[in-house]
Every structure is written in C-alpha cells, then in structure tokens.
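Here are my notes on the model, as numbered points. Have a look at it first, then read on.

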Amino acid sequence: MPGDATDTELVRQAKAGDLAAFEALVGRHEQRVFNLAQRMLRNCHDAEDVTQQAFISAMEHLAGFREEASFSTWLLRIATHAALKILRKRRGLEMVSLEEMTGPAEGYDTVPHPEFIADWRESPERLVHQNETQRLLAEALDQLDEKHRPVFLLRDVEGLSVKETADALGISEANVKVRLLRARLQLRERLTLAFGDETRRLVAKHDH
Amino acid sequence: MKCEELLAMLNDYVDGDIDPAICETFEKHLAGCNPCQVVVDNIRKTITLYKDSQPVELPIEFRDRLHGLLRERWKQTHKA
C-alpha cells in the first residue's frame, strides 16, 4: 500500500493513473510545502493558496516530471515559484522582470561584519522548546528581505543543495552563496542579541 | 588569514564544503581567534534552531478542502 512505497514508486503509480498514490504523495508533503509557504509569506491564507496551487500544478505537470530531481525538490520548486509570485504582487512589481527581483551578481566585499559576538546562554536544544523562542525566530526571519529569506529557507531549513536552491529561485549559484551568507549573518546577529550572554561579549579585532 | 577573509569562507566551512588546503589555514586562524570561533558557533546554532523549530500545523479543514479539490480535478482529467 502507499504507506510503505518510496516517493519514486508513488510517482510512477500516479503517472499511471493511480489517484491513491497521488494522494499519498500529497499527504506526505503537504505539511512541508505549507511550512515553506508560511515562513516565506508570513500569512496563513497566502500559505494555503500557495499549497493548493503547488499541488494542482504538480498534478497537471506530473506526466512531464522527468524525475531528474526528487519529487520533494521538484514540488518545493513549484511552491517557491508560486510564493515568489505573491511576494512580487504584494510589492506591486508584477510588471518588473524576475531579473530585477533576483538582482545582479552580488559580492562579498559588502557583507556586514558581526557586531554582537557572545556565546549563547542556552543550547538550541533547550531554546527550541520555549514559546518566546518561536516568536523571536519568526521576527528575525521577518526582518530578512525577500532576496534573502527564500534562500535561507530553501537551503538551511528545507535542506536543498546550493544548486537546487539556485534552480528553484532562478538565480545563479554564486548569488545563492552570497545571499545565504548575508542571511545567516543577519539572523545570527539578531538571535545573538537575544540569546547571547552579555557578560561574555567579545570584541572582534580586525587587525590580524 | 584575516577575520575578513574568514568571513567570506564561513559558509563553505560550516557546510563542510571547504577546500582541504584552505581548511587548514582557516582552522589555524580559528584556533587563535576567539571572536571568530564564537561567530562560527553562533551560526551553527542559528541554523540548528531554525531547522528544529516547530512548524505551523496545516489547518485540518484546509487539508480536507485541498484533498477534495484535488480528487475532483483528478477525476476530470483522468476520465476513461
């Protein structure tokens, strides 16, 4: 039955017309797609829209899915496209090309230096169970702009490779790398301000 | 290696994608630079925290609606 089958087997069965197999795939991945959309868009209603669009689109294009990527990566790419469309609409940028949104190649020379450097007072394993942490994580993520948030979510939260992230967003791998660095540094700064031990703050020396 | 150069290679190091030859100089710097050590550790913890953070549960009524809609569409496009 669908429960034990791999995604690849389910995809084959669904391609052959098996609705139960397709529904099993939906059941397996719906939470993940919804999470990505919810974190990218910070809005439940929009996240539902994106999830729905992603699965309808996956159904419509299943026959053409060549299985070069895993089903989940393919699906996350479809969901990312739908989410980016909403982000652009929100900013009134429907007429602006994707190029504008994705920007030219960025360099490392302007990457900001860490300012607040301190060991955290508690381990991530303990922090993750605190309600306050969830709020802080969401806030810090909110402060990332739309160029950086999707890169961080796809690469670090969903575990896509640099190449898969680049493909999903339609930007170069070089851009993924520099944006990921900025995103990580910005989140680190925010979280360390909240979780860092003020009494053990260190000052960076840039002279060596 | 300077702190600034280390910063540019931070991701490759954290992700384990660093060139072994560069890794050695990177770690040599790290061993003598407490602030850089802490930044690397902070970044690792930041990633862990986001990776392990609780997802927003998929609303059950949305789930039902979604499955209903997909079933409907499937039947329309898979007519014998």
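1. The centres of domain 1 and domain 2 of chain A, taken over C-alpha atoms, are 25 Å apart in this predicted model. Domain 1 covers 2-95 and domain 2 covers 103-202, with bounds that come from an automatic or database domain assignment. Where they meet, 14 residues of domain 1 of chain A are in contact with 15 residues of domain 2 of chain A (contact means heavy atoms within 4.5 Å).

2. About 1400 Å² is buried between domain 1 of chain A and domain 2 of chain A, and carbon and sulfur atoms give 61% of that. Buried area here is the accessible area (1.4 Å probe) that two parts lose on being put together, summed over both.

3. Now the polar side of that interface. Three salt bridges turn up between domain 1 of chain A and domain 2 of chain A, a salt bridge being a side-chain nitrogen of Lys or Arg within 4 Å of a carboxyl oxygen of Asp or Glu. Five residue pairs, both at pLDDT 80 or more, are in polar contact between domain 1 of chain A and domain 2 of chain A. (A polar contact is a pair of N or O atoms within 3.5 Å; within protein, one must be able to donate a hydrogen and the other to accept it, and residues adjacent in sequence count only if both atoms are side-chain atoms.) On the side of domain 1 of chain A that touches domain 2 of chain A, the elements giving two or more residues are α2 (19-41) and α4 (71-90) of chain A. α4(A) gives the most to that side, with seven residues. Helices (H or I, at least four residues) and strands (E, at least two) are DSSP runs, numbered from the N terminus.

4. Which two chains does the pair Asp15(B) and Arg184(A) join, and from which elements? The side chains of Asp15(B) and Arg184(A) form a salt bridge at 2.8 Å, N to O. Asp15(B) sits in the loop between α1 (3-14) and α2 (20-32) of chain B, and Arg184(A) in helix α10 (residues 173-195) of chain A, so the pair joins two chains. Arg184(A) is buried at 1% relative accessible area, whereas Asp15(B) is partly exposed at 26%. (Buried means under 20% relative accessible area, exposed over 50%, partly exposed in between; 1.4 Å probe, protein chains only.) A network of salt bridges links Arg155(A), Asp156(A), Arg184(A) and Asp15(B).

5. Two other salt bridges are worth a look. Arg188(A) pairs with Glu189(A), with the closest N and O atoms 3.0 Å apart, and both Arg188(A) and Glu189(A) are buried. Lys163(A) and Asp167(A) form a salt bridge at 3.0 Å, N to O. Lys163(A) and Asp167(A) are four residues apart in helix α9 (residues 162-169) of chain A, which puts about one helical turn between them. Lys163(A) is partly exposed at 46% relative accessibility, and so is Asp167(A) at 36%. Over all chains, the structure holds 23 salt bridges.

6. On to helix α3 of chain B (residues 34-52). Its 19 residues should span 27 Å at 1.5 Å a residue, and its end C-alpha atoms are 27 Å apart, which agrees; the expected span is 1.5 Å times one less than the number of residues. Buried residues in α3(B) include Val38(B), Asn42(B), Lys45(B) and Tyr50(B). Among the elements covering the buried residues of α3(B) are α7 (131-142) and α10 of chain A, together with α1 and α2 of chain B.

7. Bookkeeping: residues are numbered from 1 along each chain as its sequence is written, chains are lettered from A and ligands numbered from 1 in the order in which they are written. As this is a predicted model, local features need pLDDT of at least 70, side-chain atom pairs count only at pLDDT 80 or more, and totals for chains, interfaces and linings use all residues, while side-chain values use heavy atoms, with hydrogens and water left out.
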